[in-house]
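Please look through the sequence and the model shown here before reading on.

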Amino acid sequence: MSEPTEKPAISNFIRNIIDDDIANNKWNHPVTTRFPPEPNGYLHYGHAKSICLNFGLARDYAGVCHLRFDDTNPEKEEQEYVDSIIDAVRWLGFDWGDKQFFASDYFDKLYAYAEFLIEQGLAYVDSQSAEAMRENRGTHIVAGKNSPYRDRTPAENLDLFRRMKAGEFADGAHVLRAKIDMASPNFNLRDPVIYRIRHAEHHRTGNKWCIYPLYDYTHCISDALERITHSVCTLEFEDHRPLYDWVLDKLQPIIGWHPQQIEFARLNLTYVVLSKRKLITLVEGSHVDGWDDPRLPTLVGARRRGFTAAGFRLFTDRIGVSKGDSWIDMSILEDCMREDLNFTAERRIAVINPVKLIIDNYAEAESEICFAPNHPLKPELGKREIMLSRELWVEREDYMETPSKGYFRLFPGNKVRLRYGYVVECTHAEYDDNGNLSAIHCNYLPETKSGTAGADSVKVKGNIHWLSAAHASAVEVRLYDRLFAVPHPGADDRDYLLDINPDSKQVISAYIEPALCDIAAEQHFQFERNGYFVSDRMDSKAGAPVFNRTVTLKDTWVQKK
RNA sequence: AGGGGUGUCGCCAAGUGGUAAGGCACUGGAUUUUGAUUCCAGCAUUCGUAGGUUCGAUCCCUACCACCCCUGCCA
């Protein structure tokens, strides 16, 4: 077994473009990408794809990837989100050195370039109302109408624009528009607004500005100023590329750099929702326990769930990148987490759904030590001691009064191994007044202790985990499952809230090895035969960890049933 | 007077005028004190459909079909 490494990347359309550019020495500049979030919310799995893609490209081509906050909308953006985004990208394992920028860093330049466009007759101040502008924009089949203000002179525009900046006008009184083509079949070119008046405090520039540039104008210029070579964004910006190119073409004389915008298909994942609007509803409607709920597809949630950065990187490589709309099944992500955790996580024992197993021929007062390896793939991690005694906790699912075909665990007359301990033969079980299983009885075979010469003298198929009832500790464990019960929540205009999986969170008390009580927060373990768990980084307390189930182990037995 | 994209195995995804990579899933079989892991083998005569060009087409041409995106002073 070797460490799961991220394989050499296979060809994709973005790499092909970069390879060509390098072959042609197009840039004479290191490959430079950027991850450009707007700090107005929490990052989710979809962002992880973009982050791994952009930073991965920079890493593979020995270039750099900038982290740039697209903070041009003062009404929505907050420092809190900036901080959480920084945490998330770092957590995913990437580093951007001093290449951290804000679009708001460029407000002065953006403004100066706007004056340049006005002077060139390429932008004008429009004083129509928002409604009038919408009406005059036209439709799919009708060309837009020119604004009555479209022919203002550069001098008049300059004067108005400067007064907009000076705060002489109310919000919405005027906008600055690029003068392109109101009849263009591409709406983005029907004289797009590039500046609007907003008397609002900005999280970084405070009250310095009351006019703010819009995305299409800001993004391309920010890219160019940072000498980005490949500006990778999602498909819905394909229609914006002509505008991206228009702005940079017009500004070529003063900026002299023109990155290539490349669009890829955003991530679609089954069994979750990724739209910001829906995530907000889930949080505000208390369908989940906040933005870092382990069931939510946010990165803060993923981290609490026990998902790992390496797992996300593996996932990104595994799903590839293309321009085709596609749906990735949640099982792919879960499997990536298993693959990482299988190598990474130490093994421990926990009994999640306990029932007593009584070894009738084991002396009541007695107990003994058994040894369990901490990681079957890494013997260098050593072994730990586990106490065995007469009364044990085992999983309810490990007993069947009348076994179904192929079942090879506990049932009367059958032998199984108590993992790392003895082979026992099941004799009978007890039931309470309600008919529920209350205890299982067995006898052990003293010569079969694991690690002794006679260990293999009796061959058994079944192998179950257990904990000494007298020694085990009880802790809170949260069993998480997929948030939605169907692959495509809300498909066919159904209310997606109706598709929520009612059993996505189960809080239970489970038994664990006593030493586990002292572990630190955010430690990953495989609870043998149960799955991967992590000590919750928010709710664990000294001596009293809380465990979150990250993902179960693959189980071909339940599949067969 | 609409425009921009995408269609290759169940799910992703390479490829490209010379006869369909890879991964995941799945199915066998081996190993296994986790029904896990690991290992080995199998898994598209076919590339949305129909025509055309060509010795040869998934690739070029034509038409058609399906799906996604676009009329914020959001990003």
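In S6, Arg 196 is the bridge partner of Val 175. Three bridges join strand S5 (residues 175-178) to strand S6 (residues 193-197), and these two strands run antiparallel; strands pair if DSSP finds at least two bridges between them, and helices (H or I, at least four residues) and strands (E, at least two) are DSSP runs, numbered from the N terminus. This is a predicted model, in which local features need pLDDT of at least 70, side-chain atom pairs count only at pLDDT 80 or more, and totals for chains, interfaces and linings use all residues. Residues are numbered from 1 along each chain as its sequence is written, and side-chain values use heavy atoms, with hydrogens and water left out.

The open sheet has four strands in the order S4-S5-S6-S7, with antiparallel pairing. Strand S4 (123-126) and strand S7 (211-213) stand at the edges with a single partner strand each, so one side of each is left without a neighbour in the sheet.

His 240 lies in the loop between strand S8 (230-234) and helix H8 (241-250). With a relative accessible area of 17%, His 240 is buried (under 20% relative accessible area; exposed is over 50%, partly exposed in between, with a 1.4 Å probe and protein chains only).

Most residues other than glycine have a negative phi. Asn 28, although not a glycine, has a positive phi of about 50°; Asn 28 lies in the loop between helix H1 (13-23) and strand S1 (32-35) and is exposed, with a relative accessible area of 66%.

How values were computed: Chains lettered and ligands numbered in written order.
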